Amino acid sequence: MRIIIKLFGGLKANRDFPQNEEGDIVLELSEPIAVGEIIETLNLNKKPFIVILNGVNLVDFSTKVKDRDEISLFPPIAGGYR
Amino acid sequence: MRILRINMSEETPSAKFEELGDYEGLGGRALTSAIISKEVDPLCHPLSADNKFVIAGGLLSGTAAAMSGRISVGCKSPLTGGIKEANAGGQAAQVMGKLGIAAIVLEGKPKTDDTYKIFINKEGVKIEKDNSLKMLPNYDLVQKMKNQYGDKIACISIGPAGDMKMSAASVAITDMEGRPTRHCGRGGVGAVMGSKGVKVIVLDDTGTTPRQPKDPEAFKDANKRFVAGLQKHPVTGQGLPAYGTNVLTNIINEVGAYPTYNFKEGKFAGARKISGEVQADLEKQRGGNPTHGCHRGCVIRCSGIYHDKDGNYLTKQPEYETVWALGGNCGIDDIDKIAMMDFLCDNYGLDTIEMGATIGVAMEAGLIKWGDADGAINLLHEVGKGTYLGRIIGNGAAFTGKAFGVERVPVVKGQAIPAYDPRAVQGIGVTYATSPMGADHTAGYSIALNVLKTGGFVDPLKPEGQVELSRNLQIATAFIDSTGMCLFIAFALLDQPETNQALIDMINAFYGWNMKDSEVMEYGKKVLKFERDFNTRAGFTKQHDRLPRFFYKEPIPPHNVVFMVKDEELDQLFNW
């Protein structure tokens, strides 16, 4: 199975991973594993605070991924003021 | 601290100072809303002599308190027909505070179409007729004032949109560099200032000192704890300084709550190209600055300076809502063109949110094509020139929707809905629907909990818990808007009780009060009561506390949800 991982807000992986044309990480997995485990594997420069799985803010990081899932990771961020 | 009242109805406008009296203990939004609610006929025409234009710093403006640079303006809004408070950063609040002025109230209306400037320093107030200022854009106007009064002034001004009394006209406040980049944007407040015949208020605090607290030691200690709390929190200490508010583009897009093509879809393919990350990189490469305060004493520094491709100053760092409104909402993914539109809005004196939503409606009408950045820029120039088309666009999304027969018009109480789709983030929909201000994300920023997980988490896609969330945020925001503090302190306040306590300690030490945490909420409720009461007397009913019907009928992709909070629940928001 193939999943896409998008890093935002200055997050960077400390290892080389295959990327698509958008610069997102493409992970090939032989079996479903937990989102939390994937984050550990990435060895990021900062701990992600917000984890989005297929457009939904994830609360339970033990959720296992499926083929074609998209994970978006963010550090603590905010805004919303003119 | 005193109130300065200026009567613009007299042939030679007169100024008089008076004590705060019944308004003692009120600042910022509390003060503007109390004066409007008590002194203005709710049924008056917003551009008539019966309306008043109030400018107020916050409780801590002009003190040594960090983050205390917000300034509020209030009036009856020509856009919503209800009460309005709009606030901004910049230098003016601190200068007003140091001059001992709690509020400036412009009353009446000139009988001629003459334009006036008002100069205030520690010696007093000078009001002069100066018709050479009429229709000047903000940047030219402020430069002219600096040439006349020196570089150390702070200006409160309107651009041509305010001169023409357009309902999307803003009030500009100069920043630390003396540029007119911080705007009380919403609700057409610039039109009301324009209707008073006042083009610019020039403030000079030469020879003044900061306001002194009742208990200097306790104040200093509380301020220190407050600053340490802001610097410790990852959002106010790291996230906002690094990327500014536009860091939100990617996350709001990723959760499918980024309205695009006039609220038809919740994800924009070009979002990454206009994100805060890209913007900050460009600013660094071109000699701008992605980490810069909008007023002295700001320790968060979420603003910035944006240079063009040649390395010349173009505008301040455009905020997330601006980039969304004039960019993603219109299918535009060119960050330089969006920055140009930010400059044009500041220069002509226009609310960027209202303008972006309006251009989206104009695109819906087929006036220009989706994604046509040059066409959008041209529409803003039409507004600045005051052509017939420009006068339609400059009066906002609702007006433009009517002029061109468009059904999908994203407004509440006549004011454009900002950068978060209320179907994908139900909590912000509650705020849009119920705020006395019309659609205003800052009035109760549920995004903090619905998306950003600051202060907790409430599932954005479900209706449960959203009314309570919005209620608590609206009350707390009404208090913060009254202190003169930047609302961004709320991220640290929500997560760190000791930082919240430091703010209360600081206010208590300054005024010699003994305010408890629970009384903070009572203060916020009092402000909202002033505002709701005014709107009720102006003819607003519970039917005005609703979103446009398409949000209830048209599911938005990718989540394919509609707004689900029931009307009866919305009606409970102010039953505390």
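These are my notes from a first look through this predicted model.

**Ground rules.** I number residues from 1 along each chain as its sequence is written, and I letter chains from A and number ligands from 1 in the order in which they are written. Since the model is predicted, local features need pLDDT of at least 70 and side-chain atom pairs count only at pLDDT 80 or more, while totals for chains, interfaces and linings use all residues.

**Chain B overall.** I began with chain B and found 23 helices and 17 strands; helices (H or I, at least four residues) and strands (E, at least two) are DSSP runs, numbered from the N terminus. Its C-alpha atoms fill a box of roughly 60 × 50 × 50 Å along the principal axes. Of its 576 residues, 62% are buried (20 or more other C-beta atoms within 10 Å of the residue's own; exposed means 12 or fewer, partly exposed in between, with C-beta atoms placed from the backbone). I then looked at contacts (C-beta atoms, placed from the backbone, within 7 Å). Among those with a separation of 6 or more, 72% join residues 24 or more positions apart.

**The core.** The largest nonpolar core holds 200 residues (a set of buried Ala, Val, Leu, Ile, Met, Phe, Trp, Tyr and Cys residues joined through C-beta atoms within 7 Å). Val54(B), Ala103(B), Leu203(B), Ile489(B) and Met506(B) have the most contacts inside it. I followed Ile489(B), which touches Met67(B), Leu230(B) and Ile480(B), leaving out residues up to four places away in sequence.

**H6 and H20.** Leu230(B) and Met506(B) turned up again where H6(B) meets H20(B). Helix H6 (residues 216-232) and helix H20 (residues 497-511) of chain B pack at about 155 degrees with axes 8 Å apart; axes are lines fitted to C-alpha atoms, for helices over the stretch in contact, and angles run from 0 to 180 degrees between N-to-C directions. H6(B) and H20(B) are therefore roughly antiparallel (over 145 degrees; under 35 is roughly parallel, 65 to 115 roughly perpendicular, the rest oblique). The crossing is left-handed, meaning that the near helix is turned anticlockwise from the far one by less than a right angle; clockwise is right-handed. By class, this contact has 10 nonpolar, three polar and three charged residues (Ala, Val, Leu, Ile, Met, Phe, Trp, Tyr, Cys and Pro are nonpolar, Asp, Glu, Lys and Arg charged, and the others, Gly among them, polar).

**H12 and H15.** Next I checked helix H12 (residues 352-364) and helix H15 (residues 397-404) of chain B, which pack at about 15 degrees with axes 8 Å apart. That makes H12(B) roughly parallel to H15(B), and their crossing is right-handed. H12(B) brings Glu354(B), Ala357(B), Thr358(B), Val361(B) and Ala362(B) to the contact, and H15(B) brings Ala397(B), Thr400(B), Gly401(B) and Phe404(B).

**H7.** In helix H7 (residues 234-243) of chain B, the buried residues are Val235(B), Thr236(B), Gly239(B), Leu240(B), Pro241(B) and Tyr243(B). They pack against H6, helix H9 (276-285), strand E13 (289-292) and helix H19 (489-495) of chain B. Gly244(B), which follows H7(B), has a positive phi near 70 degrees.

**One residue up close.** Ala88(B) sits in strand E5 (residues 83-88) of chain B. It counts as buried because it has 26 C-beta neighbours inside 10 Å.

**Where the chains meet.** Last, I looked at the contact between the chains, which takes 19 residues from chain A and 38 residues from chain B. Strands E3 (50-53) and E5 (70-74) of chain A are the elements giving two or more residues to chain A's side.

Notes: Contact = placed C-beta atoms within 7 Å.
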